[in-house]
Structures are given as structure tokens and as C-alpha cells.
Amino acid sequence: MKAILQYGPNDLRYEDIPYPKCEPGGMIMKVMAVGLCGSDIRNLTTDSLPGKYPHIWGHEHAGIIKEVGPEYKGEFKPGDRVIYWATRACGQCAECRAGNSNYCLNKNEYVMRQGGFAQYIPIPEVIVQRGGVVRLPDELGFEAYSVIEPMLSVNGCQQRLNVNFRDTVLICGAGPLGCLHAKVAKIRGAKRVIMTEISSARLEGVEKFGVDVKIDGSKTDQIEEVLKLTGGRGADKVIVANPSTISQQQSLKMCKPGGIISFFGGVAKGAMTEIDSNIIHYKGLTIMGQTGGDALAQDTAQDLVFSGRVNYKDFITCTMPLCKISEAIAICKAGKAIKIALHPWDDENGNEIKED
Ligand SMILES: [Zn+2]
Ligand SMILES: [Zn+2]
């Protein structure tokens with residue numbers, strides 16, 4: 001089968017590798033679409049796994065069950081259309097029982113397993129048992145999961161912020177996650193969603209995600225603008241959905257006294273954010289971080305897309321053949337796409353590759 005193997009930073013090769021081995025209680029999924037995530041881009045373009053190459057990334061995968069192991073006893077059979085959550089909490093440890101399943105003590109880390117940038121992916125028995133394979137409704141395309149998966153952490157964040165009808169929510173960053181945040185904030189009833197962004201191209205068309213006011217930080221002083229829009233107070237809740245330390249710094253000045261800020265985006269490894277802690281002190285701010293989400297956030301992400309309340313097609317800029325992943329990365333990095341879904345069964349001209 002074909003796959004994209006990473007051999008080092010930006011060293012991606014489209015190669016033939018052996019068909020994967022199916023665990024007795026596991027499955028093999030034919031990957032029909034796999035999203036190109038911001039974290040994939042970071043991993044593929046940096047020295048993400050020193051000494052552990054080649055590696056196959058990709059975790060936003062959906063497809064068709066190709067085979068189930070001889071000991072599998074569940075409801076699924078070959079031919080079923082499914083999504084595959086690569087991590088799934090155990091549901092039994094102290095953290096899971098306390099409702100913090102994203103910090104599961106028995107978390108099944110997907111990082112060292114084969115990912116979805118391939119024509120087939122093995123699904124381990126443990127993930128099958130934990131309910132990581134979910135039926136995809138017939139009316140939805142395989143690309144739907146490229147939106148569901150990242151929405152997990154968006155929901156996790158907004159659950160903790162308790163975004164609701166009284167809130168003016170400020171979202172810093174108009175990337176795919178920022179746009180998802182806008183959409184989810186509106187569904188949760190936010191009174192007003194303000195979005196700031198320093199790339200004019202990214203701000204184009206964000207209204208369709210529920211953004212009420214957009215501020216182009218390359219043309220105006222975003223702090224001043226946000227204060228003007230909020231009677232000099234700042235937003236009730238601020239979500240920093242970008243990898244910028246400057247944006248984290250600025251967020252303190254754009255949050256109202258007593259407000260909450262989520263540092264949702266990770267910054268480059270080792271980068272330090274200098275913060276005027278007196279702003280936190282005198283304004284009584286709460287600052288929190290976010291990575292992933294709990295089981296409720298996961299179920300909510302599925303529900304919002306499966307029910308059509310979030311139209312996944314609004315977020316998928318285009319689909320591209322898997323072999324053109326480097327091109328897709330360049331498009332995303334230039335801010336010219338919200339989300340790109342890759343198709344492992346399309347050749348470089350977009351024609352279907354026959355399965356043998
Ligand atoms: Zn992702
Ligand atoms: Zn657990």
C-alpha cells in the first residue's frame with residue numbers, strides 16, 4: 001500500500017509499504033479521507049521524532065472497514081463506513097472517573113502507531129474495545145471527521161470557559177481552530193463573537209462561522225478596537241487560538257476584569273511569553289490552558305457534525321490526493337485554506353487508484 005513516510009523535517013516520501021497486520025480483536029480500515037491538522041504540519045516540518053524515523057502521521061481519519069480480526073465480536077463488519085478516534089480514554093482510572101478523561105492514566109497514545117497518511121490503517125484492539133470506532137452516517141462524507149476531531153478540543157475549552165448567552169467572546173486567530181471556536185461559541189449562545197487576526201487573507205469570509213466583528217490586526221490596533229467595542233472593559237472570555245506569544249501577552253489587555261482567558265494554541269517549543277502579572281493581579285483574571293477534551297467534548301463534536309448543526313463542508317477548503325501532501329502543507333501555511341482533507345485513493349491527477 002501507499003503511504004507518506006516522514007524521514008525528517010520536511011523530508012516526506014510517498015512510498016510502498018506492506019499491508020498492516022490486524023490484531024485478533026482489532027480492525028483494518030481503508031482510509032478514505034484524512035485531515036491535515038495543524039499539529040501534523042508542525043510535526044512534519046520539524047524534527048518531531050528524533051531517532052524514530054520513518055514515521056507515518058495522520059489522526060483525522062475516516063474510511064471503510066476492510067477487515068476485522070478473528071476474535072472481534074462487535075457490531076461492525078467489512079464495508080461499514082466509520083470514523084476512528086485514535087485516542088480513547090479507558091473510562092475506569094481515577095482521572096476518567098473524575099471527569100477528566102483527557103488526562104486518562106491509561107491513555108492509549110497514538111503517536112508511535114501508524115497514522116492515517118496511508119491507504120490502510122490498523123486499529124488496535126484496545127481502541128476498538130474503548131469505542132474508538134464509530135459509525136459515520138450515510139449522508140456525511142468521510143471528510144466530516146477532519147472537522148469532528150479538532151472540534152474535540154474546541155468543545156473541551158468552551159465547556160471549561162462555560163461560554164454562554166451572556167458572553168462577548170474574543171477569539172484571537174482565524175485559523176481552522178479559531179473558526180471552529182466561533183461556530184461553537186455561537187451554538188452555545190454567545191451574545192457576540194469578535195475575532196482578531198494579523199493575516200488579512202484568513203479573515204475573509206469568517207462571518208459564515210458566526211463572527212460578528214472582525215479586526216484586522218495588520219491594519220489597526222486590536223487592543224484599542226476590542227476595548228472600544230466593549231465599553232472599555234474587554235471581552236468576557238478570550239480564546240487565544242494561535243501559536244503566538246505576543247497574542248498571549250495582548251490577550252490580558254483585551255479581557256475584562258474578572259474575565260477568563262484560554263491559551264488554547266501551543267507556542268513553539270521553548271518559546272517564553274513575558275507577562276505583566278500586575279494585569280492578572282489587579283484585574284483578577286483567570287488564565288487556563290487547553291489540550292484535547294473529555295468524553296463529553298468528544299461526543300458533542302460528533303453530535304454537532306452528525307446532526308448537521310455544524311456543516312463540515314464549510315470548513316473543508318478542498319480535498320487533495322495524499323501524494324500531494326507537501327503542496328497541501330504549503331497552502332495551509334500560506335493561510336490560503338481553512339482545512340484540507342487528503343485522499344489516499346486518488347493519484348496525483350485525482351483519478352481513483354484501484355484496490356487490488
Ligand atoms: Zn487534529
Ligand atoms: Zn482513564
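Helices (H or I, at least four residues) and strands (E, at least two) are DSSP runs, numbered from the N terminus, and two strands pair if DSSP finds at least two bridges between them. The model shown is predicted, so that local features need pLDDT of at least 70 and side-chain atom pairs count only at pLDDT 80 or more, while totals for chains, interfaces and linings use all residues. Residues are numbered from 1 along each chain as its sequence is written, with chains lettered from A and ligands numbered from 1 in the order in which they are written.

**View 1. The hairpin of strand 1 and strand 2.** Strand 1 (residues 2–8) pairs with strand 2 (residues 11–16) in the antiparallel sense over six bridges, and Ile 4 stands opposite Tyr 14 in strand 2. Two residues lie between the strands, and Asn 10 in the turn has a positive phi of about 60°.

View 2. Strand 9 (residues 192–197) is joined to strand 10 by four bridges, and Ile 194 stands opposite Val 213 in strand 10.

View 3. Ser 200 is partly exposed because 14 other C-beta atoms lie within 10 Å (buried means 20 or more, exposed 12 or fewer, and partly exposed in between, with C-beta atoms placed from the backbone). Ser 200 touches Asp 216 and Ser 218, not counting residues up to four places away in sequence, where contact means C-beta atoms, placed from the backbone, within 7 Å.

Notes. Contact = placed C-beta atoms within 7 Å.
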